Amino acid sequence: MLKRTFLASLMVLLATPAAWAQSPWPDKPVKFILSQPAGSGPDNVARLLGERLGKQWGQSVVIDNKPGGQNTIGAQAAAKAPADGHNFYFATTAALVTNSYLFKQLPYDPQKDFVPVTFVARSPFAILVRSDSPVRTVDELVARSRDMGGQYTLGNEGARTFGGMIARLFNARSKAGANLVSYASNGASVQDLLGGHVQAIVADVASTAALVKQGRLRMLAVTSPQPVPGFESVPMLASQYPGLDLVGWFALVAPAGTPRPVIERVGKDLNVVLSDTDVVQRMAALGPVAVPGWSPDQLGTFLQEEHARWGALAKEIGVLPE
């Protein structure tokens, strides 16, 4: 009796990958959990991709926004979600990498609680001023900040965020001596810049592109190592300060334990969507740059490299976990 039970259990385990490969997945709505609010850059991209994938799968893709706690609320929810192949985390650089060097304790483990699916897009940041500002270049911003003895204000989404880290690194390497002003979100910093309460900000292109095109904001530089589509005339910060190619990114991961066949299926289907010309153009209009073609293993290697890189950068500017 025990022998028959053992053999039966073994057959079930051996058959699991094949069963998942042949099962009618997805058999219910698929959920993309986000750490950002509706209307944010990541949310806009996730909804665009979710709409296309939903049509392809014959099941809706539900965008579940869980903002707050500097990405920790959404990340924790995603880590604890059932690993049944229907829950995924649409994650950012902060959630999967930089939070590790900003917090002594996290309610989730970025490296153990998730398995990689595929890379989605790069999300460059920019240094911006109001369109009526007399400052037209990064050099002029640095000079003005030095002349004002620390009274020149540079807003960002928060000291312990990706944008905040960029602001600190720029301030340190340029020796601008700007007064760094932290906000609860990029949106809040943008509104204060428009209202004249700060003189410049560091913010992602996705949340500011429309305002630049409307002529309300001016980009002084972008943080990507290549020109940003649609903003090719804007100089790259790394051309003046080598090494400051600090690009945010989006990646899709899943709760640890999610079946590998589902991981591969989702990654393959998402890469098809990311290769679609219309999707690429619509994403570029939002700010992020689509990057198709990554395998789960490639994303895993990239995440390890990013941890090593940001660990060194955190030491450079003296960031201590809190």
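User: Where is Pro26 found?

Analyst: Helices and strands here are DSSP runs, numbered from the N terminus: helices are H or I with at least four residues, strands are E with at least two. Pro26 is in the loop between helix H1 (2-22) and strand S1. The peptide bond from Trp25 to Pro26 is cis, with omega near -5°. This is a predicted model: local features need pLDDT of at least 70, side-chain atom pairs count only at pLDDT 80 or more, and totals for chains, interfaces and linings use all residues. Residues are numbered from 1 along each chain as its sequence is written, and side-chain values use heavy atoms, with hydrogens and water left out.

User: What is the phi of Gln70, and where does the residue sit?

Analyst: Phi of Gln70 is near 50°, a positive value in a residue other than glycine. Gln70 lies in the loop between S2 and helix H3 (72-80). Lys175 is not a glycine either, and has a positive phi of about 55°. Lys175 belongs to the loop between H6 and S7.

User: Is Lys175 buried or exposed?

Analyst: Buried means under 20% relative accessible area, exposed over 50%, partly exposed in between (1.4 Å probe, protein chains only). Lys175 is exposed, because its relative accessible area is 62%. Gln70 has 32%, so it is partly exposed. Thr98 counts as buried because its relative accessibility is 0%.

User: Which residues are in contact with Thr98, leaving aside its neighbours within four places in sequence?

Analyst: Contact means heavy atoms within 4.5 Å. With those neighbours left aside, Thr98 contacts Thr93, Phe162 and Trp310. Thr98 itself is in the loop between helix H4 (93-96) and strand S4 (114-123).

User: How do I read the sheet that contains S4?

Analyst: Two strands pair if DSSP finds at least two bridges between them. Here 6 strands form an open sheet, ordered S2-S1-S3-S10-S4-S11, with mixed pairing. Its edge strands, strand S2 (61-65) and strand S11 (289-290), each pair on one side only. S4 and strand S10 (residues 248-255) pair in the antiparallel sense over 8 bridges. Val115 has Ala254 in S10 as its bridge partner.

User: Which helices lie across these strands?

Analyst: Axes are lines fitted to C-alpha atoms, for helices over the stretch in contact; angles run from 0 to 180 degrees between N-to-C directions. Helix H2 (residues 41-57) lies across strand S1 (30-34), S2, strand S3 (87-92), S4 and S10, at about 160° to S2. Helix H11 (residues 296-316) lies across S4 and S10, at about 75° to S4.

User: How is the packing of two helices described?

Analyst: By the angle between their axes and the distance between the axes. H2 and helix H9 (residues 260-274) pack at about 120°, with axes 10 Å apart. The residues that meet are Leu49, Arg52, Leu53, Gln56 and Trp57 in H2, and Arg265, Val266, Asp269, Leu270, Val273 and Leu274 in H9.

User: What is the sense of the pairing of S6 with S7?

Analyst: Strand S6 (residues 153-156) and strand S7 (residues 179-182) pair in the parallel sense over 4 bridges. Leu154 stands opposite Leu180 in S7.

User: Which unit do S6, H6 and S7 make?

Analyst: A crossover is right-handed if, with the strands pointing away from the viewer, the path from the first strand over the helix to the second runs clockwise. S6, helix H6 (residues 162-174) and S7 make a right-handed β-α-β unit.
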